[in-house]
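Let's work through a few exercises together. Have the sequence and the model open beside you.

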Amino acid sequence: MTKFIHTADLHIDSPLRGLAMRDEAMMKRVQRATRTALERIIDLAIEQQVAFIVVAGDLFDGDWKDMHSGQWAAGQFRRLADANIGVYYIRGNHDAVSQIQRKIRWPDNVVELPHDEPATITLDDLGVAIHGQGFADREVTIDLAARYPQRVPGMFNLGMLHTSLTGSEHHDTYAPTTIETLRARGYDYWALGHIHLRNTDPLSTEPYVAYSGNPQGRHIREPGAKGCLLGEIDGETLKNVTFHATDSIRWQELIVDVSAEKNLDGVLAKASAALEKGHRDHEGLSSAFRLTFQGATKVHDELSDLIKRGEILQELHGSAESIDDEIWLEKIRFDTSPQLAGNVQDAHDLWGAIATQFDQVQDNAEALRQLEELVKPVLDKVSAQHVSISEEGTLDERMPQWIEAAQQLLRSRLGAPSA
């Protein structure tokens, strides 16, 4: 039985976004999370005695200013050389144009496939043929897979491709292709990269087509377990594919429904319970959570009070730290509405009139300018810890968020229904 590892999108040394560190030791752990993922992949390869590893693009992230990332990666791959494990990789959109990367002195077990045309490497002793082509530029808009050679008879054929297939909501469309095009090559396995979300099930089983996903999530849009795929082959037949987690920090959004809570203590207790369970489910890994409060609740007024909210945020951060100092809160969002009772027609009518005024202001450039003059002093005085809106961007870009915050406050004070 021959084993191999399929990985992609390691983005070595790219930062994890959205985490505020409490001390220098934590900061160092977070900064080296992508390195930890590669170390765990190599540990797995040695433990499982795999024959080779394929990296389907974006080993690195952008054009570095020094050689440290490359030198470190080369040192890790030397561990594989000592275990007689080969590494075959292609460039993706993020590391296509790195000039420094071309100066790395890779150990002899590392082979980069070309970026100007598809190539095939045959591992005769294993009966494996590896096909692939890297990116010559950051933006590749042609179907690279359509140019790949047909299968090598009598061998297990594996294709590497950095692609978005027919497109993805969260990724640029690079090297677009289709499952039908991949199937036409006659390969047994397609190791895909570029899409960071791993498929729980393969995109196809004959041939086996899969994204491994990135081995370490880097922000809240990359949630859940991250790792690599371990394949087992017998002759020309793929026998098994299993996922192995390699992340050290796991991202997750927690939705906390507070519609049944009658006071702020109940809301905080429910949030604490959600944090504790979520962290426990991560089985010893560090956790980065986004908390979102939802529901029509009696506590809406307190949650919407911008001054009171500062105290709430402090309570939530303190609660997270008391559970485990390996928990970070990436963001806390309040998406609740007031719990209405009885006849609310008057409040509804008044709110309708106010909402019309808001719409008219946003459609009137002069009115917006006057509103900016009123809001600017508030922006200068209100601490960021008291609000749940971004401080990034110009005043013009931030104004819609402040208008929305004002609308929420007025709705809560009037007891009007949420928009």
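Below are two exercises, each with a worked solution.

This is a predicted model, in which local features need pLDDT of at least 70, side-chain atom pairs count only at pLDDT 80 or more, and totals for chains, interfaces and linings use all residues. Residues are numbered from 1 along each chain as its sequence is written, and side-chain values use heavy atoms, leaving out hydrogens and water.

**Exercise 1.** Describe the surroundings of threonine 34.

*Solution.* Begin with burial: threonine 34 has a relative accessible area of 1%, so it is buried (under 20% relative accessible area; exposed is over 50%, partly exposed in between, with a 1.4 Å probe and protein chains only). Next, list its contacts (heavy atoms within 4.5 Å). Leaving aside residues up to four places away in sequence, threonine 34 touches Leu10, His11, Ile12, Asp13, Ser14 and Gln216. Finally, its side chain reaches the backbone nitrogen of aspartate 13 at 2.9 Å.

**Exercise 2.** Classify the ring pair of phenylalanine 4 and phenylalanine 52.

*Solution.* Recall the rule: rings of Phe, Tyr and Trp (its six-membered ring) pair if their centres lie within 6.5 Å; planes under 30 degrees apart are stacked, over 60 edge-to-face and the rest tilted. The whole structure holds twelve such aromatic pairs. For phenylalanine 4 and phenylalanine 52, the values are 5.4 Å centre to centre and 5° between the planes, a stacked pair. Now check burial: phenylalanine 4 is buried at 0% relative accessible area, and phenylalanine 52 is buried at 0%.

How values were computed
Polar contact = N/O pair within 3.5 Å; in protein donor to acceptor, adjacent residues only side chain to side chain.
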